[in-house]
Amino acid sequence: MVSRDIPVPLHEQLAAELRAKIESGELTTRVPSILTLAQEYGVSHKTAQHALSTLADEGLIVAVRGLGFYVAQR
């Protein structure tokens, strides 16, 4: 979970949470939507988008226009 009580930015915490789920195999196909992530983790849409952008920049997920984000095939 993400916490406002630690000095790590929320988007970094969320990205780390999703990264761990991808690396453990818990998340293997479609990544939850920005809206779902924002509601589930209690963050803003912008924070959720920033976390997904970070993971996309790392090559862990890919954006499919009009369909959302998916775990990248390795």
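Predicted model: local features only at pLDDT ≥ 70, side-chain atom pairs only at ≥ 80, totals over all residues.
1. **Helix 3, length.** Helix 3 covers residues 45-57, 13 residues in total. From first C-alpha to last, helix 3 reaches 18 Å. That is close to the 18 Å expected at 1.5 Å a residue.

2. Which residues of helix 3 are buried? They are Thr47, Ala48, Ala51, Leu52 and Leu55. These residues lie on the same side of helix 3, because they cover an arc of only 135° around the axis. Lys46 and Asp57 sit on the other side and are exposed.

3. **Helix 3, partners.** After helix 3 comes Gly59, with a positive phi near 80°.

4. **Thr47.** Thr47 belongs to helix 3. Is Thr47 buried or exposed? Its relative accessible area is 17%, under the 20% cut-off, so Thr47 counts as buried. Setting aside neighbours within four places in sequence, Thr47 is in contact with Leu10 and His11.

5. **The core.** In soluble globular proteins, nonpolar side chains tend to be buried together. Here, the largest nonpolar core has 19 residues. Leu14, Leu18, Val31, Val43, Leu52 and Ile61 have the most contacts inside it. Helix 1, helix 2, helix 3 and strand 2 each supply at least two residues of this core. Helix 1 gives the largest share of the core, 5 residues.

6. **Ile61.** Ile61 is among the core residues with the most contacts inside the core. What does Ile61 touch, leaving aside its neighbours within four places in sequence? Its contacts are Ile22, Val31, Leu52, Leu55, Ala56, Phe69, Tyr70, Val71 and Ala72. Of these, Leu52 and Leu55 are also buried residues of helix 3.

7. **Helix 1 against helix 2.** Two packed helices are described by the angle between their axes and the distance between the axes. For helix 1 and helix 2, the axes come within 12 Å and cross at roughly 110°. Angles of 65 to 115 degrees count as roughly perpendicular. Helix 1 and helix 2 are therefore roughly perpendicular to each other. At the meeting point, helix 1 brings Leu14, Glu17, Leu18 and Lys21. Helix 2 brings Leu37, Glu40 and Tyr41.

Conventions. Residues numbered from 1 in each chain as written. Heavy atoms only, no water. Helix = DSSP H or I, 4+ residues; strand = E, 2+ residues; numbered from the N terminus. Expected span 1.5 Å × (residues − 1). Buried < 20%, exposed > 50% of the residue type's maximum accessible area, 1.4 Å probe, protein only. Arc of directions from axis to C-beta. Core = buried A, V, L, I, M, F, W, Y, C linked by side-chain atoms within 4.5 Å. Contact = heavy atoms within 4.5 Å. Axes fitted to C-alpha atoms, helices over the stretch in contact; angles between N-to-C directions. Parallel < 35°, antiparallel > 145°, perpendicular 65-115°, else oblique.
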